[in-house]
Amino acid sequence: MATTEATAPDAPPDGHVGDPVPGVRHETFTVGLHLAAPPSAVFEAFADTSIRRRWSKLPGRHVSYEHDFTVGGGETASSVFPVPDAAPERLAYESRYLDITPGSRIVYTYTARVDDVARWTSLVTVELRPEAAGTHLRWVEQVAFLTASAEPDHDLPHLRGATRLRLNGLAAALKPEGRA
């Protein structure tokens, strides 16, 4: 007996199929980084809330933050970000840990909101591999842009750049106290 599968027509390039809901844009990027610390120390910088707060922050004022580094747990953060010549933006971040392999892998999802609108959601895989004099960190992020910014062509470069800056902060947080 033959079976057939009904499929919806492919969405046109603008993401619309006869309705006003904008399409979702999917992107993937990878950032690699050598860190001068063993994988156990890098992993601890993700797990320990006091260390994590030194390198993983939302910009702005009036920051709230909670962190539960367990599978099923996650992170929530919010802040108010001043914008020149415009109303301040309310930023919110919420994540959920899906897989934690001590010393080697962290997989989580997160959603970023601006003024209560979900802008993007991502699946992030962080892999830690020992290498000479430290750790190779590989960050792979699969992002779905749900709501484009005023300049959609800047969304992915902005997210990739913000990730790179955050990981530079991780490198700084791993240095012994008193050394820059």
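Q: Okay, a polar contact is a pair of N or O atoms within 3.5 Å; within protein, one must be able to donate a hydrogen and the other to accept it, and residues adjacent in sequence count only if both atoms are side-chain atoms. Which side chain does the side chain of Glu75 make one with?

A: The side chain of Tyr65, at 2.4 Å. This is a predicted model, so local features need pLDDT of at least 70, side-chain atom pairs count only at pLDDT 80 or more, and totals for chains, interfaces and linings use all residues. Residues are numbered from 1 along each chain as its sequence is written, and side-chain values use heavy atoms, leaving out hydrogens and water.

Q: Is Glu75 buried or exposed?

A: Glu75 counts as buried because its relative accessibility is 2%. (Buried is under 20% relative accessible area, exposed over 50%, partly exposed in between, with a 1.4 Å probe and protein chains only.) Glu75 sits in strand β3, residues 75–81.

Q: What else does Glu75 touch?

A: Skipping residues up to four places away in sequence, Glu75 touches several residues, including Arg52, His67, Tyr93 and Tyr97. Contact means heavy atoms within 4.5 Å.

Q: Zooming out, how many helices and strands are there?

A: Three helices and seven strands, in the order β-α-α-β-β-β-β-β-β-α along the sequence. They're DSSP runs numbered from the N terminus: H or I for helices (at least four residues), E for strands (at least two). Of the 180 residues in the protein, 32% are buried.

Q: What about helix α3, how far apart are its end C-alpha atoms?

A: They're 27 Å apart, which agrees with the 27 Å that its 19 residues (155–173) should span at 1.5 Å a residue. That expected span is 1.5 Å times one less than the number of residues.

Q: Which residues of α3 are buried?

A: Asp155, Leu156, Leu159, Thr163, Leu167, Gly169, Leu170 and Ala173. Looking down the axis of α3, these buried residues fall within an arc of 150 degrees, so they line one face of the helix. The arc uses the directions from the helix axis to the C-beta atoms. His158 and Leu165 are exposed, on the face turned away from the buried side.

Q: And what do the buried ones pack against?

A: Among them are β1 (25–35), α1 (39–47) and α2 (49–55), as well as strands β5 (105–114) and β7 (134–145).

Q: New topic: where is Gly60, and what is it in contact with?

A: Gly60 is in the loop between α2 and β2 (61–67). Leaving aside neighbours within four places, Gly60 is in contact with Ser79, Val80, Phe81 and Pro82. The C-alpha atoms of Gly60 and Phe81 are separated by 4.2 Å, though the residues are 21 apart along the chain. At 37% relative accessible area, Gly60 is partly exposed.

Q: What's up with the phi of Asp85?

A: Asp85 isn't a glycine, yet has a positive phi of about 60 degrees. Most residues other than glycine have a negative phi. Asp85 lies in the loop between β3 and β4 and is exposed, at 87%. Ala133 also has a positive phi of about 60 degrees, in the loop between β6 and β7.
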